[in-house]
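Visitor: Can you take me through this structure? I'd like the fold of a chain, some helix packing and the chain contact.

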Amino acid sequence: MTVGILRYGAYIPMRRLQRKTIVAANSWFNSALKSQGKGERAMANWDEDSVTMAVAAARDCLGEGGRDGIGAVHLASTSLPFADRLNAGIVAGALNLPETTAGHDHSATQRAGLSALSNALAAPLDKPVLVAAAEKRRTKAASPLELSSGDGAAAMLVGEGEAIAELVASATRTVDFVDHYRGDGVPYDYMWEERWIRDEGYNKIVPPTLKELLAKAGVSGADIAHFCMPCTLSKVAASIAKKVGIPEGAVRDNLAAGCGDTGVAHPLVMLAHALEDARPGQLIVVAAFGQGCDALLLRATDAIGRHKPARGVSGWLARRREETNYQKFLSFNEVIEVERGMRSELDKATALSSLYRNRDMLTGFVGGKCTVCGTLQFPRSNVCVNPNCNAFHSQEPQPFADLEGRIMSYTADNLTYSADPPACYGMVQFDAGGRIMIDFTDVAPEEIDVGKKMDMVFRIKDVDPQRGFTRYFWKATAA
Amino acid sequence: MAKGIRDKVAIVGMGCSKFGERWDKEADDLMVEAFEEALADAGIDKNQIDAAWLATAIEDQHVGKSGTPLSVALRLPQIAVTRVENFCASGTEAFRGAVYAVASGAADIALALGVEKLKDTGYGGLPQRSRGVLNSMWWANASAPGNFAQLAAAYRAKHGVSKEDLKRAIAHVSVKSHDNGSRNPKAHLNNKVTMEQVMGAPIIAEPLGLFDCCGVSDGSACAIVTTPEIAQSLGKKDIIAVKALQLSVSNGVEAQHNSWDGSYFATTRVASRKAYQEAGVKNPREEIDLIEVHDCFSVTELVTMEDLHISPEGTAIKDVLDGFYDHDGRIPCQIDGGLKCFGHPIGASGLRMIYEMYLQLQGKAGERQRAKAPRLGLTHNLGGFPHQNVCSISIVGRYGE
């Protein structure tokens, strides 16, 4: 029994905004963007944020089971929807973890995700710990960050047991090097010159951290098989590798071409990607830069092949839809103010007492199962819905999130307000019993038909702009 | 089954305002417009009314809550006035209240009035409004057309019908109703439309296009009811009597239990069966002469033809395309233009349908009068969504027949 990573997973949103569309729209203003129009960046749907993406990554990591005994949830991001409400608590609720689970939010630096993972590995609880990192950075139109960023998440389950990768060593540095910052209440990052960030930042802070890491483990750079160095500045990862003797071939793809830099999530996204490829015994280094540096050295164990994520980074990268509508990206991220029409004006005030009372139903997607006739039903109710039963007070909690469903009826609605019309929704019937009239997401109207298999995903239901509250519920997407 | 109310209550007066975008009128004005016609028709004094029912659904859009808006608008003599709301069946619910009051002997003469002023929202379609504290947190972000449109997907899947064939049949429904509406001066829309126009119109909710959806309008309709004996004492001949009134309300089975396939209205099947029994109708396809159904959307009307047990299951498309429900067919449906041409001022719609039956049964429907005056007419309202709704059915006919 060793301490290490027990399972891993990731999430990358389906839409891939084509960088050439960003450049085409903005190079009139900044001609330097013209050279950055290659590839695509992951683009979250309007109903995704760092919490929903963390839930998706956690589900990718844990699979349908694998939740028993989780002792803590750590959530890292600089784009959390709530400044004061435990965001990790929403993730724990969506995963139906018990109230005895500890919850922690980590933020304020791009290395928050790797720091959280490092701390979890260094001081394991008696129970496994879930570390999730997610990012959906808001970026100004025509900014280099808009082009280089991507939305995404990753999650790792850490603890004692049959680890797929064990911790060999860790190292850290804290240096108040302000390459960029985002002040309180300001939506966008402010950045300094790239050349200074490269020369004085990455190249002077990361190599000594890595040298210390390797020294602690008593290995040389040449022994490293996978080097995860999230940085989209050109040639930085290669230059750092060279400085510490890591072979050029070990430098992992930073996913800049097909995904973009997922911020706080990116060290974990790159690590999850590396774990997909790692063979038993291989050494992996993952580093994160941000007002200092964190670095971990891991060794893949013989169990590396035994726990694969449901989709993993490569699976999510393959689940891909090209997006060429830059206006849609700006609108989803509220960079531009779109006339949304009177139907969007409906007051979305939330009765927090009702949300709390119904938290297992709304956040956990828990319905009922009649203990008399066995009928599954959503929501759980006092009287069984089966007309041949109608037993009173007979239902036990029944999670629906992982049940297989099929479309019974559907429409694509141009009338109701949606941030991404037409609003697609319909009745989804679960094979095991029960049904729900539910919103669809990430589906194109022409792909929908009666009988189509659907998966349940945790998403933003709506946002109350007046009070700054985000409501979550579950939606159906193509399986 | 209970004895029912067949022939216990007579309609002695009815009124209906002009429906439409009544930009220059308040709801009060519309109530008075319908009421004055009914009062003159009944030949009674306003102070003879013992009790009244007001139907309005989206009261926050116009008159507000309670029975007071009706009592104040008509200056009723401080009698009992009850406001009812039961989705789109509200108008028929007011009628049921008034009819039951007379049938029970609690009132000699009762008034049912429905009104809705929907055109103060600033946009087309029904107002977007809260669906309840908890419902808002999980119900699909659905509109009325989006909910009803799903009948099409489920009906096609069940009966193996192609998209094109279904689209053609529901287009015929709308073409027929517009044709009927062109002969009705009180309808909101009086224009005829072609199959090409209907099938080529912009999509509101797949597969429903603009002309598959009823309009939204302002309007009011009302009925004055009493016992057949009092009606006779008022000098009424050829008395129109209520034969049946039934209401069926979903209990969550359609929304939550996998026994419903989404292609029909479970409530309509229950309410119509009970109504036929109450009215003594054995074979509706042979005995019913005229129907006004809740054609909020063309596809609703199509499947309702089966739910009323008039078209056998799976044959509504054939009946519709054969002209069975056209104004000159065997059982005209929406001979007045229906919701399609009247629009749907929610509280008023059920009473507007009964108003048309009342005129047709008396041979007073003007240009659109059925040549051979009908003997038995059925009206039908549906409120909510296919997967959770209320359905009301009324059957009216000549007293004693």
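Guide: We can go through those topics in turn. Keep in mind that this is a predicted model.

Visitor: Start with chain B. How many helices and strands does chain B have?

Guide: Chain B has 14 helices and 11 strands. The radius of gyration of chain B is 20 Å, close to the 21 Å from the globule rule for 401 residues, so chain B is as compact as a globular protein of that length.

Visitor: And what does the C-alpha trace of chain B span along its principal axes?

Guide: About 55 × 45 × 40 Å.

Visitor: What share of the residues of chain B count as buried?

Guide: Of its 401 residues, 62% count as buried. As for contacts in chain B between residues at least 6 apart in sequence, 78% of them join residues at least 24 apart.

Visitor: Helix packing next. At what angle do α3 and α14 of chain B cross?

Guide: Roughly 65°, and the axes of α3(B), residues 90–104, and α14(B), residues 346–362, come within 5 Å. On the α3(B) side the contact is made by Ser90(B), Gly91(B), Thr92(B), Ala94(B) and Phe95(B). The α14(B) side includes Gly347(B), Ala348(B), Ser349(B) and Gly350(B).

Visitor: How do the residues of that contact of α3(B) with α14(B) divide by class?

Guide: Six are nonpolar, six are polar and none is charged.

Visitor: Over to chain A. How far apart are the axes of α6 and α7 of chain A?

Guide: They are 9 Å apart, with α6(A) covering residues 194–217 and α7(A) residues 236–244. The two helices pack at an angle of about 40°, and are therefore oblique to each other.

Visitor: Is the crossing of α6(A) and α7(A) left-handed or right-handed?

Guide: Right-handed. Among the α6(A) residues in the contact are Arg198(A), Tyr202(A), Val206(A) and Leu210(A). They and others meet Val236(A), Ser239(A), Ile240(A), Lys243(A) and Val244(A) of α7(A). By class, this contact has eight nonpolar, two polar and three charged residues.

Visitor: Last topic, the two chains. How many residues does the contact take from chain B and from chain A?

Guide: The contact takes 32 residues from chain B and 41 from chain A.

Visitor: Which elements of chain B give two or more residues to the side that touches chain A?

Guide: They are α4 (144–159), β5 (203–205) and α8 (253–256) of chain B. Of these, α4(B) gives the most, with seven residues.

Visitor: What about residue classes on that side of chain B?

Guide: The side of chain B that touches chain A divides into 17 nonpolar, 14 polar and one charged residue.

How values were computed
Residues numbered from 1 in each chain as written. Chains lettered and ligands numbered in written order. Predicted model: local features only at pLDDT ≥ 70, side-chain atom pairs only at ≥ 80, totals over all residues. Helix = DSSP H or I, 4+ residues; strand = E, 2+ residues; numbered from the N terminus. Rg over C-alpha atoms; globule rule 2.2 N^0.38 Å. Buried ≥ 20, exposed ≤ 12 C-beta atoms within 10 Å, placed from the backbone. Contact = placed C-beta atoms within 7 Å. Axes fitted to C-alpha atoms, helices over the stretch in contact; angles between N-to-C directions. Nonpolar A, V, L, I, M, F, W, Y, C, P; charged D, E, K, R; others polar. Parallel < 35°, antiparallel > 145°, perpendicular 65-115°, else oblique. Left-handed = near helix turned anticlockwise from the far one by under 90°.
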